[in-house]
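Please open the structure in your viewer and keep a selection tool at hand. The tour moves from one selection to the next.

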Amino acid sequence: MFAAWIGYLLDGFDFVLITLVLTEIAADFHLSTATAASLISGAFITRWLGGAVLGAMGDRYGRRTAMVTSILLYSLGTFACGFAWDYTSLFVARLVIGLGMAGEYSAGVTYVLESWPVRWRNRASGFIISGYSGGTVLAAELYKWVVPHWGWRWMFWIGVLPVLVALWMRRSLPEAGDWQRQIGTAGAEGERPHPFRSLFTGRIRPWINTALATVASVALFCVFTPVGAEAVPELFVVAAVCLVAFAVQLGGRRGWLLYVALMATVFCAFLYSWPVQALLPTYLKTGLGYAPGQVTDVMFAAGFGTMAGCWLAGFTGDRFGTRRAYAGTLLASLAFVFPVFAVQDSLPALGVLVFGLLALGQGVSGILPKYLAGHFPTATRAASLGFVYNVGALGGAVAPVLGAHLAEGMPLGRALAVLTFGLTLVVVILVGGNVPQRLARLVDRQAPEDHLVPEAGEAGALPMGPASAPHLHPQPHPPSAPSPAPASGEVPPDSA
């Protein structure tokens with residue numbers, strides 16, 4: 001848990017750096033606010049590919065291998081950002097960061113979820129995602145000391161340090177419990193999962209899917225750079241069609257509607273949350289005129305608020321069920337949206353309100369991995385989660401650019417408030433109404449409610465004892481050996 005948490009903390013540290021130094025980069029490279037915001041979007045363009053590929057690696061070769069590879073990718077991409085000489089070179093480095101960040105999400109969360117007892121998997125999800133918030137706090141503290149003295153490039157050069165953590169992980173960590181029992185002990189290499197086999201069967205399909213991947217990547221690149229400024233809606237539709245085509249193939253006849261519905265849900269979740277995450281430092285500096293030290297204070301409140309919210313979401317998810325905790329917490333967050341952007345001259349009041357907004361509105365994302373992962377079986381969980389989540393994460397690419405464009409016709413603070421409030425309501429309906437699962441059952445009436453807690457349904461309240469809790473060092477019984485009889489009050493391992 002600690003190793004995965006550290007990996008996600010460093011992931012958050014590396015990713016949030018660009019939001020802290022966006023104004024400095026824009027000044028150095030003479031960029032408009034909208035063009036500078038596209039640098040944030042750059043990491044999202046390749047996330048769908050990184051999530052799918054590194055997720056498939058996690059399903060086939062183990063969660064640990066995929067997690068280490070992802071850390072190496074985003075660390076080296078961050079290091080390269082410090083050497084950027086113009087907008088294009090920095091954008092390319094951000095593409096590499098996106099590949100690694102996507103893999104860290106799919107590999108890291110499946111690693112932890114498959115290693116923790118069933119009844120605690122919401123809090124496990126919340127704990128690991130809180131690491132990202134810790135990374136934002138660490139980055140905000142370094143921003144205050146590093147940038148005024150040495151400039152923005154040093155922030156990125158410091159971001160190469162996670163490489164050391166990756167080397168330690170590769171040497172020291174065991175494999176995830178569920179994967180090791182169900183996949184790792186399968187025996188021959190040919191018996192291991194091939195999550196993308198359906199994409200490369202036959203003579204024609206591999207060529208068609210290679211073309212789809214190329215078209216999607218080029219279209220997204222054009223959408224989020226000045227290259228495609230004259231045809232953004234058309235290019236976005238082209239990319240969406242290509243990605244939906246992959247979802248249909250990966251989901252198959254019974255699962256394609258679930259894949260598409262989950263992608264749409266995650267897309268809306270990013271649209272409501274990322275305008276604030278990505279443009280809050282810019283709003284504080286340009287809208288309120290805050291100095292670097294004041295920006296750090298507010299970002300501290302935001303980071304610790306998100307971290308506390310992740311922990312809270314984990315416990316409430318295990319107590320009340322993932323969907324109910326998710327929807328209820330988001331509804332409560334709406335009370336903070338407009339007050340946050342109404343405060344003008346009180347730093348303490350703004351800090352308290354930002355803490356509340358991020359704790360409820362963003363902290364609830366701590367149980368998003370549990371919500372998504374429960375829809376997929378172990379053999380394809382990392383690849384499916386990585387693809388669905390990171391395609392939906394394109395909402396995070398759209399969000400800062402959309403917020404910046406809205407700010408051209410209204411104050412930036414009002415634009416952020418309107419986006420956050422409206423799209424939060426959409427996500428409440430999608431998750432609280434169980435829309436993805438309801439749609440999935442239109443084509444597959446036997447779809448389980450939750451693969452991570454098969455017998456417990458949504459509530460996740462299985463009574464568990466030592467015999468049924470998955471551990472980091474599983475000792476699977478030989479096929480011929482009978483399962484040990486459960487003690488009183490315990491659930492047999494197979495049903496758990």
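Which element gives the most to the lining of the largest cavity? Select helix α12: with eight residues, α12 gives the most. Helices here are DSSP runs of H or I with at least four residues, strands are runs of E with at least two, and both are numbered from the N terminus.

Before going on, note that this is a predicted model, in which local features need pLDDT of at least 70 and side-chain atom pairs count only at pLDDT 80 or more, while totals for chains, interfaces and linings use all residues. Residues are numbered from 1 along each chain as its sequence is written, and side-chain values use heavy atoms, with hydrogens and water left out.

**The largest cavity**

A cavity is a set of points, on a 1 Å grid over the protein atoms alone, where a 1.4 Å probe fits but cannot get out; lining residues have an atom within 4 Å of a point. Grid points are joined across faces, edges and corners, and a volume is the space filled by probe spheres set on the points. There are three cavities of 30 Å³ or more, and the largest holds about 420 Å³ of space. Now select Y132, W274, Q277, Q362 and S365, which are the closest to its centre among the 29 lining residues. Next, colour α1 (2-20), α6 (87-113), α7 (121-150), α12 (232-287), α13 (292-320) and α15 (347-362), the elements that give two or more residues to this lining. The lining divides into 19 nonpolar residues (Ala, Val, Leu, Ile, Met, Phe, Trp, Tyr, Cys and Pro), nine polar and one charged (Asp, Glu, Lys and Arg), where polar takes the others, Gly among them.

**Helix α3**

Move to residues 33-45, which form helix α3. A bend of about 35 degrees lies at L39, taken as the angle between axes fitted to the seven residues ending there and the seven starting there. Of the 13 residues of α3, 11 are buried, including L39, I40 and F44. Buried means under 20% relative accessible area, exposed over 50% and partly exposed in between, with a 1.4 Å probe and protein chains only.

**Aromatic pairs**

Rings of Phe, Tyr and Trp (its six-membered ring) pair if their centres lie within 6.5 Å; planes under 30 degrees apart are stacked, over 60 edge-to-face and the rest tilted. The structure holds 17 such pairs. Select W116 and F127: their ring centres are 5.8 Å apart and their planes at 70 degrees, so the pair is edge-to-face. W116 sits in the loop between α6 and α7, and F127 in helix α7, 11 residues apart. W116 is buried at 19% relative accessibility, whereas F127 is partly exposed at 22%. Finally, select F79, F83, W154 and W157, a cluster linked by ring pairs.

Key. 1 Å grid on protein atoms, 1.4 Å probe; cavity = no way out; pocket = protein on both sides within 12 Å on 5 of 7 lines; lining within 4 Å. Expected span 1.5 Å × (residues − 1).
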